[in-house]
Amino acid sequence: DIEDNYLSGDLWPISKMNSIERVLAYDNMLGGETTDSPYDGNGTRSYGDLASSPILQATSLRYLDLSTNYYYGTIPTALADMTMLEELYLEDLELEGDIIPELFGLPKLEKLYLGMNYLSS
């Protein structure tokens with residue numbers, strides 16, 4: 001659980017852990033960074049493409065929450081390889097485009113949260 005820590009950059013060390021099952025990383029600055037304090041609201045944000053995030057290589061994950069971070073782009077098709085996922089939270093990012101049908105083919109997925117993005121179907 002690394003939630004609400006103002007972490008920036010990406011989760012490459014976690015993606016190398018072969019047996020990790022849960023990543024709770026919401027409410028950080030993952031995928032990007034700010035140039036000023038996040039507390040004063042005057043910082044400049046940079047966003048990273050979710051499709052290039054190394055966390056998508058952690059195929060042992062059952063629970064992944066990246067909500068309220070600095071990711072943009074479309075929903076990555078690499079999520080289809082995460083066949084152990086039971087819960088996926090990608091809320092309040094800058095995602096756009098179609099909701100990929102591969103998500104609905106994940107055999108164990110029970111909860112999917114994609115709210116507060118710019119998605120269509």
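Reply: In this predicted model, a network of salt bridges links Glu21, Arg62 and Glu86. The count of salt bridges comes to two.

One of them joins the side chains of glutamate 21 and arginine 62, with an N to O distance of 3.0 Å. This pair connects distant parts of the chain, 41 residues apart: glutamate 21 lies in the loop between helix H1 (12-15) and strand S2 (22-24), and arginine 62 in the loop between strand S6 (48-49) and strand S7 (63-65).

Arginine 62 also meets the side chain of glutamate 86 in a salt bridge, at 3.4 Å from N to O. Here too the pair links distant parts of the chain, with glutamate 86 placed in the loop between strand S8 (71-73) and strand S9 (87-89), 24 residues from arginine 62.

As for accessibility, glutamate 21 counts as partly exposed because its relative accessibility is 37%. Arginine 62, at 27%, is likewise partly exposed, and glutamate 86 falls into that class at 23%.

Leucine 61 is among the residues with the most contacts inside the largest nonpolar core, which has 25 residues; Leu64, Leu79, Leu85 and Leu90 are the others named. Neighbours within four places in sequence aside, leucine 61 is in contact with Ile20, Glu21, Arg22, Val23, Ile55, Met82, Met84 and Leu85.

How values were computed. Residues are numbered from 1 along each chain as its sequence is written. This is a predicted model: local features need pLDDT of at least 70, side-chain atom pairs count only at pLDDT 80 or more; totals for chains, interfaces and linings use all residues. Side-chain values use heavy atoms; hydrogens and water are left out. A nonpolar core is a set of buried Ala, Val, Leu, Ile, Met, Phe, Trp, Tyr and Cys residues joined through side-chain atoms within 4.5 Å. Buried means under 20% relative accessible area, exposed over 50%, partly exposed in between (1.4 Å probe, protein chains only). Contact means heavy atoms within 4.5 Å. A salt bridge is a side-chain nitrogen of Lys or Arg within 4 Å of a carboxyl oxygen of Asp or Glu. Helices (H or I, at least four residues) and strands (E, at least two) are DSSP runs, numbered from the N terminus.
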